[in-house]
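I opened the model to look up a few local details and kept short notes as I went. The entries follow in the order I made them.

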Amino acid sequence: MKKYNQRKTKMRLKLSSCKRAAFLMWMLSPMAPMALMAEQAAVTVTGLQCEYRAEPLGIDARQPRLGWQMNTGERGQNQTAYQVLVASSSSLLDKDKGDLWDSGKVTSDQSIQIVYSGTPLVSGQRCYWKVRVWDQDGKPASWSTPALWTMGLLNPDDWKAEWIGYFPKVTGQKEEKKELGRKAKAAEDAKKITPAPYFRKTFTLDGPAEQAFATVNAQGYYELYVNGRKVDDHVLSPAVSDFSKRNLYITHDIRSYLKPGTNCVALWLGRGWYSEEIPGVLHSGPIARAQLEIKTDRQSPVQVVTDGSWKAHSSPLTITGIASHSKHGADVYDATKEIPGWNEASFDDADWPHAQVAASHPGAVTTAQAVEPNRATEKITPVTIEAMEDGSYLVDMGKDFTGWFDIRFPKGGKAGTVVSMTCSESGSPQRKVGLNYNQHPKYTFRGSGEETYRMRFSYHGFRYIQISGAPHQPDLEDITGYLLETDLPKAGRFKCSNDLFNRIHEMTAWTIRCLDLGGNTVDCPHRERLGYGDGQVVMEPLMYNHYGASLYYKWHVDWRDAQNPETGEVPNVVPFFFEKAGGGPAWGGTIVPMAWYQYLQYGDTRILEEALPSAKAYLAFFESKSKNNILEFYGFSRRWSFLGDWVPPGGGQETRNWDDKTSTLFFNNCYRLYLTQLTARMAVVLGQTADAEQLNAKIEELRSLLHERFYDPETKSYVCGKQTYLAFPLMIGLPPLEERAAIMAQLEKNIRGADKGHINAGMLGGYYMFDYLSSIDRDDLISLMVGQTTYPSWGYMLEQGATTCWEQWNGRFSRIHSCFVWVDLWFYEGLAGIHRDPDTPAFKHTVIKPKMVDGVTWVECHHDSPYGRIVSNWKRDDGKVTMDVTIPANSTATVYVPAQQASDVRESGKRIGEAEGIQFLRMENGRAVYKVGSGSYNFTSTL
């Protein structure tokens, strides 16, 4: 027994030695938990993004930009260092190995715009990545949850697929004739029919797919199917592009759709913008190419590509009209021509003809779609259905929107019966529908049981649907509408005590969503659907309501594509170039503010680097159109080519009462100065000192010249003296310092006096005026104008039943339009007071400066910045103010608290000197100003 115990003790000691050795080896390995090596940071890393998106597939940025957020309950937390690992497999990443990139520990507080700097990436590369950070005390956090991105087809030679199409001769149409009159030609265009063809291909797999991706490059719209199932929830894909310059592809993960044995991949194509009057369109119908890359554990990689072996057939769907003003047409679906099982592997396609190999525009490049897809994001249910005297039915969907609708016919109908529908923004039992812009979808019954008309490759901007030829009256539950939009993540919320302001915010925010479709924002979703440059007034409110970084980065590429490389001129609409689309300097000029505000909102210096040459070229174009340093009229039309402040009250398309030519000339020269200022700021950020000095010299020259030529010292105003022509020059600092107070007094006099508290400015002028007034704390004047309910005002639109913003203050023409949505910016930056600091972009440092105007007693607002959620809530009650402020980790803020004196302010019930993470800076104009770190704060004070 004694010997046994001795042996047992020796074995225990031996095992203990082994354990100690193993423990030491483990401690020295990368797998050792950080908690045993150093105290763990009380932070987590979340929100990993690559090129502004979560886990994007098929990107083509060879050095993608990465970002993440820190989450913690502690105040004042900042990142002091980070480490990024990027691996070619998830198993390597699990072992904390980054074979593609290990950044090592980088001493930096930067957590956005981190440029991948590892091994050069190749087509189809899978990139698994994670990040950890060190907090303000140098404590490491745990690794983030891993994320993934994949690379697309980076080189033209990577494409093995051929372009295919199907162009059957369409019968039953009249040939276009040159001698047709204008109205007759428009009618012919509206009736033009483009087929939406089917394509299919079968292939065999020996086992389950371990990895499978399909890359689809379509010109027009497409839907991708594998074994009878639609692969994703995208609609109207891909995003828009100028087919003469660029076409886009999207990568899909199709592994879960495949099976061992015979499989079928299928495409359904729609015309979309691939219409013969658009630049770069070579064919009478849509074309596409697709490439499938599949790996199994039982065979060599399988590649399936589009070519002449694919089978094609007409589908039951055709699209009427052309891609042009009020002629965009609609889906026409003939259910008698349905082909059950057309996209399934078991379908017999022996009788189908082969697809036709086609050609793409030789000057266009193929790139990955760099913006979120379109999706149906919200359902809309109708509120009334009324029978009309002519036997039709008028459906009121309750609100204007952009998108689709379904109509279900539970009892079906006789085969061949045609139901015609007309979509419009306005309607009544007496007038039926109003302006409809040739939005006329149709459905033909197949004649067997319940049937449903469902839209596919067209969309409409509408509130009312007039249904003619239906076999019975639909019930409310038989109709569903769907909002379609570029599916950008939500980023903001605003609400306040003023019901009118809330309703205006809801109307403008909804309008913005109705205009955001296809990777750009349009002027209207029915008549033109064009990405006009005046969409710059949509940009800032959109970015407060949504995370719009990918949208504007993509759209800015389109603007640079469109710029004339020889003259520097930029067209008025992008991506589709229409030579006679109206506009002027401020339309093409969007190429500059779009880059600048992308930088301010998201810290994107890459877009500045790409935009600066374009901005300088556009300014050089202005020089070529100037005489004695004054930009003069240029363009195809005296009326439409040199627009200034578009659609002020009384100045719409139906009237000749536009602002006089001298005022418009002054406006456009002010805009030239404004662009020069923005370009100079871009040059400063990029360290382009010589450019900045040259541009600043030009700014001073233009200031002096424009003031001398257009200022009237007796009236203390410029040109016609309307609101726009006083506020805009003040915003850009045009007047000498000694004249500014008098000009501001004249502006206030106009607002309160001649204009009776109403706005008297248009699309651009009002945007600039509100920006200036809020910057000098004259939000009382903004509140006065926004608070009106008589013409012209947003309240007037609401009083007239508007659910979206109008094109004109009087409601003429489009009632879903971009012209006046910019008011929504004031709710976020004015009433809530959430401001970017231009010296530290992307809300790395935020300014919280709420404007507490009469008629508003509380505000609740948040914005999700690149660093996390910023909250600015406040309320006033009985002479006291409460402010609840949240600043995300790894960022700071300056907070303005209304107070009679600093000693009146408390934070969470404590004196400021006793509160954690707060530094008093100064008293300023009735506000105590503090610098705070990240965290949540509750300020109280006495007014």
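Entry 1, charges over rings. This is a predicted model. I found the charged end of Arg65 over the ring of Tyr553, at 4.7 Å from its centre. I also looked at Arg638, which lies over the face of Phe633, 4.0 Å from the ring centre.

I counted 60 aromatic pairs. I took the pair of Trp555 and Trp559: their ring centres are 5.8 Å apart and their planes stand at 50°, so I logged the pair as tilted, a class that lies between stacked (under 30 degrees) and edge-to-face (over 60). Both tryptophans belong to helix H7, residues 549-562, and they are four residues apart, about one turn of the helix. An α-helix has 3.6 residues a turn, so residues three or four places apart point the same way. I then checked accessibility: Trp555 has a relative accessible area of 0% and is buried, and Trp559 is buried with a value of 0%.

I traced ring pairs that join Tyr333, Phe401, Phe405, Phe409, Tyr443, Phe445, Tyr453 and Phe462 into a cluster.

At the N-terminal end of H5 I found Asn498 as the cap, with a side-chain oxygen 3.0 Å from the backbone nitrogen of Leu500.

Definitions and conventions. Residues are numbered from 1 along each chain as its sequence is written. This is a predicted model: local features need pLDDT of at least 70, side-chain atom pairs count only at pLDDT 80 or more; totals for chains, interfaces and linings use all residues. Side-chain values use heavy atoms; hydrogens and water are left out. A polar contact is a pair of N or O atoms within 3.5 Å; within protein, one must be able to donate a hydrogen and the other to accept it, and residues adjacent in sequence count only if both atoms are side-chain atoms. Helices (H or I, at least four residues) and strands (E, at least two) are DSSP runs, numbered from the N terminus. Rings of Phe, Tyr and Trp (its six-membered ring) pair if their centres lie within 6.5 Å; planes under 30 degrees apart count as stacked, over 60 as edge-to-face and the rest as tilted. Buried means under 20% relative accessible area, exposed over 50%, partly exposed in between (1.4 Å probe, protein chains only). A charge sits over a ring if NZ of Lys or CZ of Arg is within 6 Å of the ring centre and within 35 degrees of the ring normal.
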